[in-house]
Amino acid sequence: MNHEFNRGLRAITAPIALALGLALTASAHAQATDGPAATMQAGAAAQIAVLQQIKTSKTAQQDKIGSRLYLALLKQRGDARLASLTEFQFLTTGKDGRTPVDILLSRKDGATALLQKLAALDAELLSSKEGAYRDGLISARLRLADLESLAAMSQISRIRESVGAVTHAINVSEGVQTHGADDALATYGATGAGVKLCALSDGVNSLATSIASGDLPAVDVLPGQAGDGDEGTAMLEILHDMAPSATLGFASAFNGEGQFAQNIRDLATDGCNVIVDDVIYYDESPFQDGPVAQAVNDVTAAGVLYFSSAGNENNKADGNSGTWEGDFHASAAVNPAPLTGIGPLHDFGDGGVSIPITDSGSASVLLWAESYDLSGGVASTDYDLYLLNSSMTSVVNASTDHQNGSGGDDIPYEYIGSGSSGQRLVVNRVAAGTTSSVPMFNLIVFRGQLTQSLATTGATRGHSAAAAAFSTAATPAGASWDGITPDGPNPGLFTSVNASESFTSDGPRRIILSPTGVELTPGNRTSTGGVLRQKPDITAADGVSTSAPGFDPFYGTSAAAPHAAAIAGLLKSELPALAPADIRNLLISTAIDIEVPGVDVSTGAGIVMPVPALQAGGAIPQPYLSAGSAKFTQVSGDGDAFIEPNETWSISVALTNIGGATAKNIKGTLSTVTPKAKITTAVSPYANLKATKTGKNTTPFVFKLPPSFPCGGTIAFSLSVSYNSGASPQSFPFSTETGGTGTAKNFVYSGSPVAIPDAGAAVTAPINVSGFSGTVSDVNLTIAGSSCNTDIGSTTVGIDHSFVGDLEISLIAPNGSSAKLIDNAGGSGNNFCQTVLDDQGGGPGIQSIVSSSAPFTGSFTPANPLAALNGSTGNGTWALQAKDTAGADTGSIRAFKIRLTGPKVCNVPTP
């Protein structure tokens, strides 16, 4: 799902074949009450009988077409048999009449004929032609009316709905502090140098912007695999923040499972030492290493460290499981009369034939322990999945594909769209198969919940459960996603009191079959067979800042996995002789145990931390330098305190050794790319610095400005420092503006309170500015208030809101330029009051606030700089804009003011 995982499941998408963004906002968590087992009513039984009659009446050609696709085709044709399905949610097509499908070849040498047929049908290809030859599968969009014509081809074994992929939806990740990556850098000089970290996700649409802003260095993207979306950009930023000297690579995981698997192998070939992804395809088996997991196995066997998100599908320990996993148990309840001949219905444990959905999700998926790969399967047990209304009087949706174990086209997979709270899922074993024992199955409502008296563990699955992969759970760095899980420690370090996010998927993962479909325990495909893998393995931070659009903050195991991957990169960089097994042992043995003592099914070994792992691995302390603020001293000019045209100034920059060893042979070199600014003394040595010691350049750096240099212009400098460390050379950018401070004026909002609608459109509160001279050189915003409190609906605060983490707050200048100052920060805390947002105020970042600190008062650095508004014309209408991005909470803009500073002033001395 895509993209960031955020309160209210904001911005979740289910891409089909390609990364198509479909944003969904979850409703309030309505809970169906546990009660006695419901009885299927005659109307629903009659509808199931109709669906079964349609299933059994299909010709061999029609049977190649997935059940929901075939029903949609019958609906389009006006088939009279569908008249009784009054509440059924038929698959719909796009505006052009096409729908996405996956086409499986009976043999790969049929790819040419298939591609020619698709061209004749004017189908739109969604995956590469190469994938058809390589994987025996291609994704395309085509008209329902063309399905039977395509199915008539002998080269085709099956046409099904495209399998959706889900991602588990200058900024610096708060994980740098909470994991202690900054301490690892300071003590050991651990920067990831010499290591290549690579990510797979949806796409990197904003890659160029992030590189230009300095949030990312150059990234090696596999040719043609940039994808679509920005979750990949956000993941790369986390990798870079945690391991700033590592090189980076990327490939999309959203061009189909075959291409995903190929991209994993290609990244390894491209030199990636550590690979991380945040994607799961709906049909990835819980019981077997499928094609993507096999690619993971290939690269880990070759020495690559592989990390993947455990998933955001909830867990039993937090009382929100959306999973039922176990053995088929025929209900003792007698099938209603129309269903007496179609095999038993499953009893989920309450004596009935259904399990209630208590919170809607994105999809309901049934998978069982039979073999399947990209080009087909040998499933002989025929399970069907039905979604009934809450009273069990009518069928709402169904997946009734035919599995009989012959033809190589039988996939142990049934899929229907999302259900609603109160609706009920029914599993029917239409026919027993030829397997040695009845295969266990896994039913999951992705991102949803089932009634907890029946639900089980076992949400995590697929390639993240590969034996050597690191399946990664999430814990909040700061504010938790739901406001219920305890907030994280930012800016402090994680400790044993921290907990996993409530949505993180749980294990363990039982593997029944080998990659080729052989039973691991011959004769036993039940819940006592196979091998049990401890998954998730580890836990890492989420809820962190990135500059990628829509990912500030970035929640979910999608954010956790790159934190853990980067920590592994730090270990590999500093301890290059260690084998992957040694790095695994260090990460797990030094992890902070949280929640249940010992390894557990929600958090694995616990939170991974780089410093204890480096220490345990015998890393050698290194010097590492940090730079203080540059100090400017006038050499020649008019004698005032402002840098102005036609003046010469010297610069002193103090360096502090925050590492664990003495820094020696330190040399600084100053440069500038600012036109007209001339550096006359560029190089200076520094004295050796022991750990914790500070020293300044022994020779002042000197620069001069000509008379024509613009007043108010910015001079950008860079100080490059070389010394005896693997982190050398380090570069420290800084800048300064010319001219004296202009005149500042305050402008106060005097209008009525502006209501902020729940999960609605953005609203604005305007201030009309007049009498201001010239353009703006600095802007500050104060969200005011006469008396600060956390009262819901308080009339004395600047912005009242009962869950400020829902809010995006921006300031808009008269010329239309804007700056987003608060971006879903503060979790469940109430109210902003006497909150100052100032680029130069020196306060903490507003994005770091946690709900326990409400009401939010004091001076903060905004999420994005107010400097974006500098240069605006002061006079005109300024506006404070607020948008609520999730349901269940409201508030109002009540009181605020803006402080505008006029143009810089220069006294230019005579040349």
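**Ground rules.** I number residues from 1 along each chain as its sequence is written, and I leave hydrogens and water out, using heavy atoms for side-chain values. Because the model is predicted, local features need pLDDT of at least 70 and side-chain atom pairs count only at pLDDT 80 or more, while totals for chains, interfaces and linings use all residues.

**Entry 1, α12 and α13.** I looked up helix α12 (residues 557–574) against helix α13 (residues 580–589) and found axes that come within 11 Å and cross at roughly 125°. That angle makes α12 oblique to α13. I take helices (H or I, at least four residues) and strands (E, at least two) as DSSP runs, numbered from the N terminus. Axes are lines fitted to C-alpha atoms, for helices over the stretch in contact, and angles run from 0 to 180 degrees between N-to-C directions. Angles under 35 degrees count as roughly parallel, over 145 as roughly antiparallel, 65 to 115 as roughly perpendicular and the rest as oblique. On the α12 side I list Ile567, Ala568, Leu571 and Lys572, which meet Ile583, Leu586 and Leu587 of α13; contact means heavy atoms within 4.5 Å. The contact of α12 with α13 has six nonpolar, no polar and one charged residues. For these classes, Ala, Val, Leu, Ile, Met, Phe, Trp, Tyr, Cys and Pro count as nonpolar, Asp, Glu, Lys and Arg as charged, and the others, Gly among them, as polar.

I then turned to helix α9 (residues 231–242), which packs with α12 at an angle of about 35°, the axes being 8 Å apart. This crossing is right-handed. From α9 the contact takes Glu231, Met235, Ile238, Leu239 and Met242, and from α12 its residues include Ser558, His563, Ile567 and Leu570. The class count is ten nonpolar, two polar and one charged. I note that Ile567 of α12 is in this contact and also meets α13.

Helix α10 (residues 257–269) and helix α11 (residues 291–301) have axes that come within 8 Å and cross at roughly 10°. I therefore log α10 as roughly parallel to α11. The contact residues include Phe260, Ile264 and Arg265 of α10 and Val292, Val296 and Asp298 of α11. They divide into nine nonpolar, one polar and three charged.

Grid points are joined across faces, edges and corners, and a volume is the space filled by probe spheres set on the points. The largest cavity has a volume of about 180 Å³. It is lined by 16 residues, and closest to its centre are Arg160, Glu161, Ser399, Asp401 and Tyr413. At least two lining residues each come from α2 (67–77), β4 (156–161) and β20 (413–417). The lining holds five nonpolar, five polar and six charged residues.

The second largest cavity holds about 110 Å³. Of its 18 lining residues, Ala479, Gly543, Pro553, Tyr555 and Gln847 are the closest to the centre. This lining has seven nonpolar, nine polar and two charged residues.

Most residues other than glycine have a negative phi, and most peptide bonds are trans. I found the bond from Lys535 to Pro536 to be cis, with omega near -5°; Pro536 is in the loop between β26 (531–533) and β27 (538–542). The bond from Ala854 to Pro855 is cis, with omega near -5°, and Pro855 is in the loop between β44 (832–837) and β45 (856–860). Glu595 is not a glycine, yet has a positive phi of about 60°. I placed Glu595 in the loop between α13 and α14 (610–616).

Notes
1 Å grid on protein atoms, 1.4 Å probe; cavity = no way out; pocket = protein on both sides within 12 Å on 5 of 7 lines; lining within 4 Å. Left-handed = near helix turned anticlockwise from the far one by under 90°.
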